[in-house]
Protein chains: 2
Amino acid sequence: MENGTVQALILAGGSGTRFWPLSRKSRPKQLLALEADRSLLQTTVDRLAPLVEPPAVWVCTTRMLAEAVREQLPEVPPEQILVEPEGRNTAPAIGWSLRSMPEEVRRGGVAVLPADHRFADAAAFRATLSRAAEAVRSHDLVMTLGVTPHRPETGYGYLELGSVGEETTAKPGGLRAVRRFVEKPDAATAERYMRDGNHLWNAGIFVFRGTALLRHLARFEPEIAQGLEAIAAAPERTDEIYPTLRSISIDYAVMERLESIATLPLDCGWSDLGSWEALAEVLPAGEDGNRSRGDVLAIDAADNLLWADRGTVAVLGVRDLVVVRTDDCILVVPRERAQEVRRLVEMLSRRQRTDLL
Amino acid sequence: MENGTVQALILAGGSGTRFWPLSRKSRPKQLLALEADRSLLQTTVDRLAPLVEPPAVWVCTTRMLAEAVREQLPEVPPEQILVEPEGRNTAPAIGWSLRSMPEEVRRGGVAVLPADHRFADAAAFRATLSRAAEAVRSHDLVMTLGVTPHRPETGYGYLELGSVGEETTAKPGGLRAVRRFVEKPDAATAERYMRDGNHLWNAGIFVFRGTALLRHLARFEPEIAQGLEAIAAAPERTDEIYPTLRSISIDYAVMERLESIATLPLDCGWSDLGSWEALAEVLPAGEDGNRSRGDVLAIDAADNLLWADRGTVAVLGVRDLVVVRTDDCILVVPRERAQEVRRLVEMLSRRQRTDLL
């Protein structure tokens, strides 16, 4: 693998509900243009160039989303838009995607990236990714890019770093060993993590040689690996075999079990845009602190997120609300409770309101 | 005039903005079904029977609304749906409507009624109206029906009553003389008015012989009366003359200037439904105190008015809000500020957003 020739594998199969009612099963977050005219998926591809140009981009998505993904990414070779028969979490998805690549590709460095995150500073992101790819190339490491925490976030998992100088493997400049993956902490622990300089947010970004990752997967999850080999031997049996693979995340299946995993801290304005509130925090505020999209009228209203996907949103005398209007629905929720939108989606699901899901 | 043969003249030309975005110029409040399946105008006609049956109902409306009024009131003779050339306030509207009636009709009792008010107890309303009509028949009085105040309202004008026993004219049982019309009071004064039992809300409901009212109008506003006579003499000149008539309310033009005007108190659950908040107060509350119309989802939300004219309204974690969704627009405003919706309408007007007016 030449420096700079890392391939990107973008996981675009998610079906999150956190941007309901804008996000729907057939139009999940990664397909939405939340900050600009380009969707988060498109922005993920845009951000990679010139380090990774579209011919080196692979996308793993679902049947429901495949057509929209192809439409959004005409610059990515269509045969590199891989369509999972069924969502089985990230370990099968990554393993199957790597097995779907030509052997010479998966022998090289592959960066696994979520399709729906935000990086304010794309150049800084590419610089870090490039250093990680170089480390993978030189030392055959498995790497994860953790995010330098700027607040005591209790909603993310963390990477606990090894002591500086703790050698688990060769570490070129700046690399740190990951001692362990830690689950979402309580508030006091999160506060400590932020201060101690020894923890990073787990952002689900990995870089490795594809062949190495498949070797690790075969070691830790032999049944998944055998299933993938069976699919490779008889692709016509994909629909039969793939749904039987264990549904497990790459973190649990491989990363947390690895004897050695290295990291580089990412510090480039990352957000997972995990809720309307997270979006509000990164959008530029207009007068009165309102963040607006579309046709919005506001009088005596401050610090709201006002989103008119269609039609007009008019507010008067309200603060700190998320107000969203789609063609068929509106949502009103206090910003601080935006995470709870999933409760509305669950209610719709119980009521079998497929028209709104 | 026989007892019970009073005619009704419903003023349905209003173009209020208080129920925006549901109310529009072409679909003002009186045409909206706010409480039930029938519009306020239809309910106004329904409420009159059997005291006043549809063949004795007259409606004064505008060109913009005429077709919708005819559609909503197929039981009212179409020739009794009178179409003003232009809105010139209630004095010209009432005078012109009376002149448009056959002479034998306007010699009798005529009750002037707003098209967009609410009376919880229709039978009590009819009973009071019947007594007023009887008083008009027997004593040729001009009467106004005032509403017994149940709260210290500062948003209405009041009728100050003469002392009990103060005789301005013959008064059959229960009739009181109106000493004067008083403008919207401040809070302390409104409190006093409510307590002293000597004040009623001016609800814009009048009963008189049509010929008597025209005589008074000729005395106080001779130019209007002359204009109306000219129109009667040459109806083809209506469009030319009517717009030149002084735009003035019947209160200012006639009622407040009359030497003698009598009243009967109405106590039958009246509301002028003057705002979304006024509507919220009369709608039955569901669980958590929410008043809902249409397809509404609410979680941890209380005491809101949630109105889905089209599509779905979903709220979580909000209180005391008005949330309205129409086909093209949504409104979010605290209930206590619902009166200020007109400010949004004014903003739209300044921006020439005729699509939303």
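How many residues does the contact take from chain B and from chain A? It takes 37 residues from chain B and 36 residues from chain A, where contact means heavy atoms within 4.5 Å. This is a predicted model, in which local features need pLDDT of at least 70 and side-chain atom pairs count only at pLDDT 80 or more, while totals for chains, interfaces and linings use all residues. Residues are numbered from 1 along each chain as its sequence is written, chains are lettered from A, and side-chain values use heavy atoms, with hydrogens and water left out.

**Buried area**
- Chains B and A bury about 2,900 Å² between them, and carbon and sulfur atoms give 63% of that; buried area is the accessible area (1.4 Å probe) that two parts lose on being put together, summed over both.
- On the chain B side, the residues losing the most area to chain A are B:Leu297, B:Leu316 and B:Ile330, together 23% of what that side buries.

**Salt bridges**
- Six salt bridges turn up across the interface (a side-chain nitrogen of Lys or Arg within 4 Å of a carboxyl oxygen of Asp or Glu).
- One of them links A:Asp295 to B:Arg353, with the closest N and O atoms 2.7 Å apart.

**Strands across the interface**
- Strand S15 of chain A (residues 329-334) runs parallel to S13(B), and four bridges join them; strands are DSSP runs (E, at least two residues) numbered from the N terminus, and two of them pair if DSSP finds at least two bridges between them.
- Look for A:Leu331, whose bridge partner in S13(B) is B:Ala314.
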